[in-house]
Amino acid sequence: MAKKQDDDQKDRSTKAVSRRDFVKTGAAAGVGVAAGVGGSALSSSGTALSQVSPVEAIQWNYEADVVIIGGGCTGLPAAIRARDLGATVIVVDQNFDLGGKMLHSGGQISLGGGDPLQLRDIAGESDREGFVTAPRQHTVEELTEDTDFLFRDHTDWSVMDAAAQAPYRYNERDLHRAYADNCSATREFLMANYVRMGRISGTHGNGGMSRARRAVTFLMEGPTTDVKKGTVSKQDAGIRGVSSSHFAPRFMEDGAKVASPGARTNGAALSRGLEFSAREKGVRFILNRHMDEIIREQQFSGRVVGIRASYSPRLDPQTGARLESLWQNGNVDDRTETIYIRARKAIVIGAGGHGANPQFRSMFYPAWREPAFVSSGWAMLGPRGQDASGIIAGMRVGANLAGMHQNLSYGSTFHFPGTLATRDPYTDMLPGHPTFPFRGSTGIVLGTDSFQHLIVVNQVGKRFFNEMLVTIREGGAAFPAGPAKGQPNKGLEHVQLDWRNASVANVRATYAEPNSVHAALAMNEGSKAPDYFSGPIWAIFDRAAVERDKWNINPPFTSPTNGFFFSADTIEELAAKIQKGHEFQRVPLSSLAETVAKWNSYVDKGKDPEFARGTDAPMHRIDTPPFYAASLYPVWHDSYGGLRINGRTQVIDMQGEPIPGLYAGGESSGGGNQHGLGRALVHGYIAGSNAAREGTT
Amino acid sequence: MAPEGDVKRAETTCAVRVAPGVVDAAAELTLQVKVSCSPVCDLRGHTLSIKDHAGADVTRVELTRFDGTATETDEFAVKAPFNPGRYTWSVVSPPVVRRRVSCPEATSPVSFDVKPHTTNVVVWDIPSAIVVGERFKVKVGIKCVHECPLAGRNFEVWSHEATLIGSGKLSDERWPGTSALYVGEVELDAPVQEGLYTWTVKGPSTSEIPHAEGSASFGVRAVTHPECLVTVEAIDQVSQAPVSGARVVMHPYKAVTDERGVAQVRVAKGAYQLFVSQTRYLTFGVPVEVAADMTARAELFLEPVQERN
């Protein structure tokens, strides 16, 4: 095995480093090594199907104490924490920039258990920099709890949500005990790493029913973007409906209510803060680099010793130029096809979930094998984001899985975001972010009420659901509880571990699952063996609808070329254009003209005998040319189910034993049904702590 | 074995692929011809003739690709005849001698059907409620799938009893925002009795290029004289400011609020679902029983922005 220079833990330079600077003796190893031990068969997601890298044959290109797969919500805190404890750290990420889905998130972090923000709000204090001036959002009692209380909330067998699912019952107990015990430390850790958070306001989906635990991250609008000072420029914060920035792919919302006037909130304030801190502390990043294999001493025994990763650049579809990260310091720019990275202490898998891997997600729901539909963040993360590669690589070295059914017990796991005319309906990148060209259109964002102006049809042109209900979804079961979230009692009246929460009477009284997405995914006359794909979904409307509800159907909201928006003089012509111009339209929309004619007859009669429209909003004829078709795609948002981990976030094998040196968290892990950032941040904090304390091999 | 210098006579056959099998009048047909010889002969550079049903030359096309057993043309397009019907054309491979192999003339028929152009009809601007006996107007648009100019063509309106009740002429210009939709307006008499009727517009059936007659049905709602005046005031629930431009619907009656947030709808006595809807607001809906003139106040809530996290 060739000896490589260590990543010097004393070197905390923030200057960008090249591979030559970083690796002294192994500069030429990459290409040669790849030829010697690479060449494994690749799956569609690029993950090796069988382990082919014998450890003794590997010439490592890089080494570090801790190697982290994925620079997102688990990976960045793990990297910072491990670095704080003295470990050298390399983070690899398949994308060109850091942050993963966290960068595009709402920046909402539910922790609790008496965490420092709950205590701050109880005391009515501002934050350390004095930014927070908004009044407390909750009573002292609504903010008061301890870790035992939080643990009970997260493992409460009795809670049933409005979709009659039990979101807490199946959570891994050891994992959630550790979660409860580390929430306070994680909140403190975030605040020490340039993360500013506003007042506690409610609790995020499946973050517990009994107390308020959610805070949103913010930066103050200022003349320049300066993470150290806590400011973001107006341009970097984005202009609603016009532009976003490389700093914040999504428009940063007004945070006056939860922080102070001038505060701008979302996940960029969290992600860029952590990224800035990690770079400042000397974490090294190898971007454009997809992890293909975790290497263990033997496939099912011994320690994990490193990873194999392939070059995965993203090229601008218009210019062909490689996309580059916002900040460069700490980056290792290595364009070798295959590299090997040795982990002396541990590997942390924070590679995200499986929502973008149709084969993987179809384990839970065969209809989701339909490749047309993507995971949230598709354009931002690229085709290899959320591809289950972290989970698959763990399985290949013997890992067990956990919580595989928990995809079915969160309301936004898959749903219709309600954005027309884009393949990527969950994300909001506007011109200004480097990934905008991948989506080509921002989409037409409609509220539920606007669906009165259109009909929605399947791939053969038939309606399948009441359009006014198509985008309705139940939120997670969280504080302040109540019937809208499936509970008999609201707020502090909610009782933990009470059989009445799960009683038949309560479920009958509170059940409110609309099921539209299931109707959309159902087989239809165009579904063919063996996969019986349901095909794309189309919103059909006319010029009168556009004028009536004041929709902007021009670029960048739609694109004339990306195949997700069409206009035509007649319905028949519209059907033909869709079939010709949309990648996943595999069959003719043979029923579309008949469907529109039938719909118009229902409008004339004032009754919709098929789907009961007309009870909650007026119905409108679709008859005024030109006519329009815009995609209405469902999205697989966050994913649940993944590698089984224990309270130390160690990956557990089929015998119930930890795989030495292997950690995981966030959406790569299973057994936790909490939505959002809190879960992954705590996992990252725990993983970084334990990984850094591992013995060196 | 034939003596050196002798010419060997081959057998030649032609095979033709044509798409589509049913083609619109004067539209493009795609053909591809494969010529096989026995013994095998490479006929690249040899030119074939395509002759129509009357034996007239349509086009000539060269054999360009040899796969080791047969020689074929690239795909090529020809224009279909104007008149609908069944046609049989022929592909002729003239005699040729190649490398001491004589390939005789071969002919292959190619058959296809020609149909008139399809026209599609749309009807809009139909009043949702028309008082019996009154006159009203609708717009009619007709488009040929091949975007043929239809300016000046006539269309007809037929009643639910299959009676011709009106006719109109398409405009000289394409309708704004469309590629080839020609539009005409027609004024019609409402039915004499209240009810919902289905009427039909039929498009032109003749032109220089044959066009099949298109048609579209539309509903005509005839009502008796509405005797009650419903005055609806729409306001923003938070600011208490009037909401102008809101749509007030009491099916089949409709109106739009003015700058004061007020709309007046004249309706017949009866039970209705009163809707008031406006962009960005949640639709206000309430059942009302109308027995006399009445007023209603609709407080509209802004639709909450769906949380993304």
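The largest nonpolar core has 120 residues, and those touching the most other members are A:Val66, A:Ala79, A:Val89, A:Ile341, A:Ile347, A:Val348 and A:Tyr663. A nonpolar core here is a set of buried Ala, Val, Leu, Ile, Met, Phe, Trp, Tyr and Cys residues joined through C-beta atoms within 7 Å. Buried is a matter of counting: 20 or more other C-beta atoms lie within 10 Å of the residue's own, with C-beta atoms placed from the backbone. Helix α19 (residues 677-692) of chain A gives this core its largest share, 9 residues.

Before going on, a word about the model. It is predicted, so local features need pLDDT of at least 70 and side-chain atom pairs count only at pLDDT 80 or more, while totals for chains, interfaces and linings use all residues. Residues are numbered from 1 along each chain as its sequence is written, and chains are lettered from A and ligands numbered from 1 in the order in which they are written.

Now look at A:Val66. Leaving aside neighbours within four places in sequence, A:Val66 is in contact with residues including A:Ala82, A:Val89, A:Val348 and A:Ala691; contact means C-beta atoms, placed from the backbone, within 7 Å. Another core, apart from the largest one, has 116 residues, among them A:Ala575 and B:Val220.

A:Ala575 is also one of the buried residues of helix α17 (residues 571-581) of chain A. What covers the buried residues of α17(A) includes α18 (592-605) of chain A and β14 of chain B. Helices (H or I, at least four residues) and strands (E, at least two) are DSSP runs, numbered from the N terminus.

How do the two chains meet? The contact takes 32 residues from chain B and 31 residues from chain A. On the side of chain B that touches chain A, β14(B) provides the largest share, 4 residues. That side divides by class as follows, where Ala, Val, Leu, Ile, Met, Phe, Trp, Tyr, Cys and Pro count as nonpolar, Asp, Glu, Lys and Arg as charged, and the others, Gly among them, as polar.

| Class, side of chain B that touches chain A | Number |
|---|---|
| nonpolar | 12 residues |
| polar | 14 residues |

Finally, chain B itself has 0 helices and 28 strands. Its C-alpha trace spans about 110 × 60 × 30 Å along the principal axes. Of the 309 residues of chain B, 32% count as buried.

Key: Two residues are in contact if their C-beta atoms, placed from the backbone, lie within 7 Å. A residue is buried if 20 or more other C-beta atoms lie within 10 Å of its own, exposed if 12 or fewer, and partly exposed in between; C-beta atoms are placed from the backbone.
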